[in-house]
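I opened this model to look up its contacts and its backbone exceptions. My notes follow the order in which I checked things.

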Amino acid sequence: MIIDRNHKNNNRNMIIINKMLGEVEKPGRYTGEEYNEIKKENDQQLIRIALAFPDLYEIGMSYLGFKILYDIINKREDSWAERVFSPALDFEKSLIKNDIPLFSLESFRPLSEFNIIGFSLQYEMSYTNILNILHLGRIPLRARNRDKENPLIIAGGPVAFNPEPLAEFIDLFVIGDGEEVINEIIDIYKDWYGKSENSSKKELLNNLVRLPGIYIPSFYQVNYHTDGRISFFQKNEKHAPFKIRKRIVKNLDKTPFPIAPIVPNIDVVHNRITLEVFRGCTRGCRFCQAGIIYRPVRERSVGCLLELAENSFINTGYEEISLSSLSSSDYSQIDSLTKKLVDCYQNRGVGISLPSLRIDNFSVHLANQTQRVRKTGLTFAPEVGTERMNKIINKNVSEEDLFRTVQYAFKMGWRRIKLYFMVGLPAETQEDIEGIIRLIKKVEMMGREKVGKKFSLNISINALIPKPHTPFQWVAQETEEELNKKFRYIIQKIRSNSISLSFSDTKLALLEAVFSRGDRRLGDVLEEAFRRGCKFDSWREHFNFKSWQESFQKFDLDMAFYAHRERGKDDIMPWDLIDCGVSKQYLWSEWEKAIQEANTDDCRQSICNSCGLEDICQEIGINRNNS
Amino acid sequence: MSYLYRMKYQKNGPLRFISHLDLNQLFRRVLLRADIPVELTEGYNPRIKVSFGPALPLGIEGWQEITEIVLKEPLAEEELKGKINKVAPSGFKILEVEEVSNKRIPLSKLLRQASYLFYLIPVDAIDANKMVYYHNKIEQYVKCLLDRKDIKIKKESKKGLKEVDLRPYISKINIFSKNNDRIIICLILNIEAGVCINPNPIIQMLADVVKDYFLIGKIIREKFISESLI
Ligand code: SF4
């Protein structure tokens, strides 16, 4: 593993790194050299890109988006995409002790020597890890302290839809589907790099900002009212647009898909083929950000999926194919696809799995096709416990649906059920909490009756985190005390050996709510918290709330302002420059309907709701008859 | 009909850092990629079956590890080897394949001893005399060690600390000094009732004799010694 790397991390470092690997937990995280890893020669001539995932290898290697970009970039002859992940604490210590900069897995090259570093933004609580990766890679944290000698730092992913808390650190955000725009960025970069001797980083950014879907935070200035709300945005560069429309890939069948993904040597969270069946979801749950920012729904054809499945299998040898989407049972051809896959693979030692199932008998029937004997467990997300709340969140699943589905699952032989609920929703009353308890008890009773002793029920109860670009973006998050009171009440009411209950950490939920809807002033807080040692915040054992509180105090910012303040209709949101396709006006009307306890139908089953994407939907032929 | 194949393989490079469980997974995927007609388990969710010799502790290189697979159809030994190696990841390589359908002895009975090699590398360059001195020092220690009735160590297990006696597992310890640049020690351990103990505690004891002057370099499991050879 040392060959050909000597000029990057030099020989001495390689010996040290080998020794370090012998001393840390799970060294397989840091060695690279997995099957299907891409290595390139003559790398002096290549545009070198590090795809960075701000969490452990096991987590990052499970994300499809990360694999898609790796594949697209490495298909280019002029570029080389490598990977870097957050080191675990023991390896980080070892890097510091031995004075070794954080390096990529492919070439063991220090991060600072890359042309471009692209961060994958999947959840807010990974922000400190981003700073830590830059820091360990010896790259200045703030965008303004980096010039053309430093790597260009870009970022994309769902969390980029409110880029503001990271505005100080990231040079450029990609909004929306990254498949096409990544090539456009590299083309422009390469062009600039060829003449970069006489050119500046600013010039590069000015070339890049002309691409649709690119947000460059340093090109804007944000002004505030005295009460802390935003008064207006101002742009510093002529070509910076005032609306950054997200990028949308129109035809998934024609979009590159990684059929030869890296097969990790060690176990990772999702060690399987991930087959993206469709993108987007128009069920319209009002708390759900994914349901808005990934619109419209774009399906892959069955033929295309079968071909992708076969190629991926030949190239990886994975024993599981997982059909991924926001709601698998909503795929228009799901029955025939599942059947074909099961027929094709079950005698070859390969299983099919269907995460994210809808609550109905059809979904149980699908699951039954894939798990005929080994019935591991079924997961459903009723979210709420009353009819009224169902209407508020627009989840059109009734109590009867749930009971019928669970009943059917027991009949088909399942013994383990997992249910997700949410509390802290707008206009929630004691009755809604009682509703959740009633639902849990009823399912438990049914389980005991139908399954008996072997029945187990897993309940996960989470606090609402109001997200940008959702109808609930105006809502105040409930305080910790209120949430904890509800959690305690539920615990008190539900005592049973067959039920295991888990709740979200309310402090973590608070911080997540702050950063979800945060503005760019939070950059200072973020850096401060990082300097105080915060990292891996989403891992309970690492989360240090006190350091966060102190960091907010230092900059005189108030968590409650971000989390617990109800926004007004005309408030300017920090993410207002980002156009996710669904209009703010539509979101507001959905919020009003929520308060009126009125449902909105899925535009796949009914008429177009005119959410703002009409032009695209028309172009790709969605809801043609109705819009 | 089913056909049993016993294979010798290498586990080194990046793969010396993966666990036995991970190796198991990895090998199953290699077999699926190679499109080997492996026999599947019964039932609706058939899975492929492989069996491995004793686990190799993390960080140790394996030069001739052993695994067995069962095929539905016979395959020429060389072909099987070629097919697997073509799709194996870096650090895994099949060295030898033997069809053993007629001599089905479980690996746990077949393998009697495991032979380990490890290097002690001087921290600073030292001369020949010094080398001889340290060499002898270790040799003396080994002699005393092997004269002992028992060598008890505390081992962490699921039920807290457990005491194990290492003595019955040690068969031989040989010491070689190669030029002036390293001491090579060969350690042969008995496999008792299928248990192949972790050599690290013994290696550590030997390395501690010359603690401040030498570092442990590579550790290798060189080979297994099986029934028929004894
Ligand atoms: S524009 Fe109409 S059809 Fe398209 S996603 Fe929005 S509501 Fe659905």
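**Entry 1: the model**

I am working with a predicted model, not an experimental one.

**Entry 2: chain B against chain A**

I started with the interface. How many residues does each chain bring to the contact? I count 24 from chain B and 33 from chain A. I then looked up the buried area. Chain B and chain A bury about 2,400 Å² between them. Carbon and sulfur atoms carry 56% of that area. Which three residues of chain B supply more of its buried area than any other three? I found Phe17(B), Arg29(B) and Arg33(B), with 28% of what chain B buries against chain A.

Next I checked charges across this interface. The rule finds one salt bridge between chain B and chain A. I traced a salt bridge between the side chains of Arg28(B) and Glu319(A), at 3.0 Å from N to O. For polar contacts I noted four residue pairs across the interface of chain B and chain A, both partners at pLDDT 80 or more. I also sorted the side of chain B that touches chain A by class. I get 14 nonpolar, four polar and six charged residues there.

**Entry 3: the ligand shell**

I moved to the ligand.

**Entry 4: two domains in chain B**

I looked up the domain assignment of chain B. Domain 1 spans 3–104 and domain 2 spans 113–225. Their centres, taken over C-alpha atoms, are 29 Å apart. In the contact between them, I count 12 residues from domain 1 of chain B and 13 from domain 2 of chain B.

I then took the area. The two domains of chain B bury about 1,100 Å² between them, with 62% of it on carbon and sulfur atoms. On the domain 1 side, Pro54(B), Ile60(B) and Trp63(B) lose the most area to domain 2 of chain B. Together I put them at 46% of what that side buries.

How many salt bridges join domain 1 and domain 2 of chain B? I find two. I also recorded the salt bridge of Glu61(B) with Lys218(B), where the closest N and O atoms are 3.4 Å apart. The side of domain 1 of chain B that touches domain 2 divides into seven nonpolar, three polar and two charged residues.

**Entry 5: salt bridges overall**

I ran the salt-bridge count over all chains and got 72. I picked out Glu58(A) with Lys26(A), whose closest N and O atoms are 3.4 Å apart. What does this pair tie together? Glu58(A) is in helix α2 (residues 57–60) of chain A, and Lys26(A) is in the loop between α1 (11–21) and β1 (47–53), so the bridge links parts that are 32 residues apart in sequence.

**Entry 6: backbone exceptions in chain A**

Most residues other than glycine have a negative phi, and most peptide bonds are trans. I looked for exceptions. The peptide bond from Arg295(A) to Pro296(A) is cis, with omega near -10 degrees. I place Pro296(A) in the loop between α8 (290–293) and β12 (298–299) of chain A.

Asn36(A) has a positive phi, near 75 degrees. I find Asn36(A) in the loop between α1 and β1 of chain A. His469(A) is not a glycine either, and its phi is positive at about 60 degrees. I located His469(A) in the loop between β17 (456–463) and α15 (480–493) of chain A.

Definitions and conventions. Residues are numbered from 1 along each chain as its sequence is written. Chains are lettered from A and ligands numbered from 1 in the order in which they are written. This is a predicted model: local features need pLDDT of at least 70, side-chain atom pairs count only at pLDDT 80 or more; totals for chains, interfaces and linings use all residues. Side-chain values use heavy atoms; hydrogens and water are left out. Contact means heavy atoms within 4.5 Å. Buried area is the accessible area (1.4 Å probe) that two parts lose on being put together, summed over both. A salt bridge is a side-chain nitrogen of Lys or Arg within 4 Å of a carboxyl oxygen of Asp or Glu. A polar contact is a pair of N or O atoms within 3.5 Å; within protein, one must be able to donate a hydrogen and the other to accept it, and residues adjacent in sequence count only if both atoms are side-chain atoms. Ala, Val, Leu, Ile, Met, Phe, Trp, Tyr, Cys and Pro count as nonpolar, Asp, Glu, Lys and Arg as charged, and the others, Gly among them, as polar. Domain bounds come from an automatic or database domain assignment. Helices (H or I, at least four residues) and strands (E, at least two) are DSSP runs, numbered from the N terminus.
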